Amino acid sequence: MDWSQFRFHSFGINKFIDMKKFNLADIGLTKYLFFTGKGGVGKTSIACATAVGLADQGKKILLISTDPASNLQDVFKQTLNDKGLTIQEVPGLTVANIDPEQAAAEYRESVIAPFKGKLPVSVIENMEEQLSGSCTVEISAFNKFADFITDKKESEEYDYIIFDTAPTGHTLRMLQLPSAWSTFISKSTHGASCLGQLSGLEQRKNIYKQAVQTLSDPQKTNLILVSRPESSPLKEAARSSHELQLLGIKNQTLIINAFLEHADDSDTITKQLHERQQKALSEMSEELSVYPIYKIPMRSYNLSNIANIRKMFNEDILANIEDNYQPLDYVNTEKELIDDLYKSGKRVIFTMGKGGVGKTTVATQIALGLAKRGAKVHLTTTDPANHLNYNLVIKAGITVSRIDEIKELEKYKNEVRSKAASTMSAEDMEYIEEDLRSPCTQEIAVFRAFAQIVEKADNEVVVIDTAPTGHTLLLLDATESYHKEVERTQGEDIPDAVRNLLPRLRNPEETEVVIVTLPEPTPVFEAERLQQDLKRAGIQNKWWVVNACFSLVDTKNPFLQSKAKSELMWIDKINKLSNNNIALIKWADL
Amino acid sequence: MNKIEIFDPTMCCSTGLCGPNVNPDLMRFAAVVEMLKRKGFEIERHNLRDVPELYVENNVVNKLLQEYGVKVLPITLVDGKLKVSKTYPTNKQLSEWTGVNLDFIPLE
C-alpha cells in the first residue's frame, strides 16, 4: 500500500470524531438496552460486560439473547432457558436465551400434538412441514421477545433489561416486523397470511403494539450499535442505524470495539493495524457521527469467561510471552486448501461462517486460486456489503454475479403479477399484493436466484460466499422444505434448477462447504454449531479456514504477541473439529 | 345456496405465493373468493395449519381424509355437501352456486 496516499486521504478528508472511552456511568442508560451489529464485532461480550458491570453495582439485571447461535451459554458455562436463570457468580443477574429454532419446535408441537391419532399420518406430516418454515421460526421467537419487552412484572423487577440481539439481517427483520405487523393487523382484510398461524393473534395485538412503542420511545430504549474500527462492519452499522432510524428508533449510540489506542512505529504489523483502523474511522458514514460514540480498547485476552468479561471495560493483561517469540509455522494455508479443492474436482464451493469472518475474501481467494490452476470459475456474492475485488477477479477471467435480495424480490413479484394479471381484475390484484409483502415471499425469491446460480456448476466451478449465518441457515432450511414441496407437487411448473438443487448440495463429489472462522471464541463456537447444522442438512464439509491469524505474523509488539498466543487454543480446537483439515490465513493489511 | 366452505391443505398464505412455485389457479381462486365475500356471500376458507380441529369435527372431510389421505385436499362443501375435491372449484362452478357473473375482463 502507498502510505503517502493514505496520509493525504486520512488527513485531507478526515472528520474529527469525538470518541470517549466507554464507561457505564456515561452512556445514556434506559430501561431497555439493545445491542446490535455485524456478527463477530463483540456485541455479546459488550452486552455481557454491561450486564455484569451493572449487576456488580447492585442493580437487578435481565439479559436476553435472541441470537440463533447464542454465545451466552459459552460465557456463563451454564445451560440457559427462555424463562431466565440466575447466574451464581453474578448476584443480581438473570439470563434468558431465546433459541428461535427451539421456540418454533415448541410452538409446532403445541399445535400438532392434540391431533395426533385424530388425523391420518399424511395430514400430520403436511402440518409439520408447513410449521417448519422460516415464518414460524421468526414468529415464535418474536412472540417470546415481545413478551419480555411488555411484561409488567419484569419491568418492575429489573432495573435494566438488556437484549443481546441476533446478527444484523435477522435483528432488522425482527425489529422491522412489529411495525409491519401493526399495519398488517389493523389493515388486513383477509385471513392474515403468515400471521394466521399465531393462535390468538387478535388478543396479542396490544402486546405487539406496546413492544413497538417501547422500542421507539427514547426514554425507554437505547439502541447500541456495535462495530469494529473496520470498513465493512462500520458500513453495516451505518445501514442498520439508518434502517432503524426509519423505523422510529432514534435513540442510538455507537460503540467502536477493539480499538487500538497507540501506534507502535517500531512494529510494522501494529502500525498497519493502527493505520487501517484510523482510515476506516475517518471514512465512517456521516450518519453515524451524529450519535454519541464510545470506544473500547482491543483486548489481548479471550472474553470467554466472566472474570475476563469483568475486565473488558477497564484493564488489559498480557499473557506471559517467552523471549523467543516465533510465529506459527508448518501449517496448511490457503495454498494447500486450493490445491485440494482443485484436485477433488468439486463443482460447487461455498464459504460459510458468521458475518465478519471474511467469507467474501476467502471465496475470492479460492476463486482466484482455482482460476490460476486452470479451472473455469464463476464467483457469486450474496453479501449486501459486497466488497469483492472486481478488477482482480475479472482480470483472472472469472465471471461474477451477485444475488441482490431486493432485486430478486422485485423480479419474483413481477413474475407473479404477470401470471396473475391474465386471470384477475384490478381490485383483486390488491389482494395478491398483500401476500407479496410477506417475509416468505422474499425468502422464496432469493432462493430461486440461488438455485439458478448453482445450476451454472454444470459448466464451471461455482464459488459462492453466503450471507451471515442466521440467514444462511434459513436458506438451507428453505432448501430443505422447498425440496419436500417439490416432491409433493411433481409435474407442476418447477424450474429444473430448483429440482436439482438439494441433491447437488448433498453430493460430496460435487459440493464442498468451506467453513470460515476466526481464532476467537465466538466465531469458533458459532462455526461449530454451523458444522452440526450442515450435518443435519446432510451437506458435506471437509475444510475449515481460520482467517486473519496474528499467530502467523512476525511481530515485535508484546500486545500482538499476546493476542497471537491467545489464538493458539482456538486453532487447536479447530484442528480437532476439522480432523486436521485446517487452513490458516495470515492477518494481512487488505 | 347458503354457505360455501373450502378446506385447504396447510398453506403459508391463502394465495400460495409463499410456496415454491406460482400457481395461477390458486391465485385466481383466492381472488374470486375474496370478491364474492365482499358481495356478501358466506364463503369460508379453512387452513389445515390454523384450524385442524375443523378437519376432525367435519364428518364429510374427516372421512375423505381417513380414506385418501392429505392428497384429497382441497375439499369444497356447499351447504355441507361435497362438491369438489383434490382441486379448487372453477369460476363456472362458483358462478352456478352463487348466480354471480364471474367473466371479468383480465388486466393487461
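Analyst: Happy to; below, each label is set against its definition. This is a predicted model, in which local features need pLDDT of at least 70, side-chain atom pairs count only at pLDDT 80 or more, and totals for chains, interfaces and linings use all residues. Residues are numbered from 1 along each chain as its sequence is written, while chains are lettered from A and ligands numbered from 1 in the order in which they are written.

User: What makes B:T10 count as buried or exposed?

Analyst: A residue is buried if 20 or more other C-beta atoms (placed from the backbone) lie within 10 Å of its own, exposed if 12 or fewer, and partly exposed in between. B:T10 has 21 other C-beta atoms within 10 Å, so B:T10 is buried. B:T10 sits in the loop between β1 (3-8) and α1 (24-38) of chain B. B:P74 is 64 residues away from B:T10 in sequence, with 9.7 Å between their C-alpha atoms.

User: And what is A:N580 called, buried or exposed?

Analyst: A:N580 has 10 C-beta neighbours inside 10 Å, so A:N580 counts as exposed. A:N580 belongs to the loop between α22 and β16 (582-586) of chain A, and its phi is near 70°, a positive value in a residue other than glycine. A:A258, with 18 C-beta neighbours inside 10 Å, therefore counts as partly exposed. A:A258 is part of strand β8 of chain A, and its phi, near 60°, is also a positive value in a residue other than glycine.

User: How are the helices and strands of chain B defined and counted?

Analyst: Helices (H or I, at least four residues) and strands (E, at least two) are DSSP runs, numbered from the N terminus. On that basis chain B has 4 helices and 4 strands, in the pattern β-α-β-α-α-β-β-α along the sequence. Chain A has 22 helices and 16 strands.

User: How do you know which strands are at the edges of the sheet in chain B?

Analyst: Two strands pair if DSSP finds at least two bridges between them. The open sheet of 4 strands has the order β2-β1-β3-β4, with mixed pairing. Its edge strands are β2 (42-47) and β4 (81-85) of chain B, each pairing on one side only. Between β1(B) and strand β3 (residues 75-78) of chain B there are 4 bridges, and these two strands run antiparallel. B:F7 stands opposite B:I75 in β3(B).

User: What is the form of the peptide bond from B:L73 to B:P74?

Analyst: The bond is cis, with omega near 0°. B:P74 is in the loop between α3 (59-68) and β3 of chain B.

User: Why are the buried residues of α16(A) said to lie on the same side?

Analyst: In α16(A), the buried residues are A:E408, A:Y412, A:V416 and A:A420. They cover an arc of only 105° around the axis, which puts them on the same side of α16(A). The arc is that of the directions from the helix axis to the C-beta atoms. Exposed residues on the other side of α16(A) are A:I406, A:E410, A:N414 and A:S418.

User: How does the span of α16(A) compare with the expected one?

Analyst: The expected span of a helix is 1.5 Å times one less than its number of residues. Helix α16 (residues 405-421) of chain A has 17 residues and reaches 24 Å from its first C-alpha to its last, close to the 24 Å expected.

User: What makes strand β11 of chain A mostly covered?

Analyst: Of the 5 residues in β11 (residues 377-381), 4 are buried. Strand β11(A) runs parallel to β13 (residues 461-465) of chain A, with 5 bridges, and A:L379 has A:V463 as its bridge partner.

User: Which residues touch the most other members of the largest nonpolar core?

Analyst: A nonpolar core is a set of buried Ala, Val, Leu, Ile, Met, Phe, Trp, Tyr and Cys residues joined through C-beta atoms within 7 Å. Among the 158 residues of the largest one, A:A51 and A:V463 touch the most other members. Helix α2 (residues 43-56) of chain A gives the most to this core, with 8 residues.
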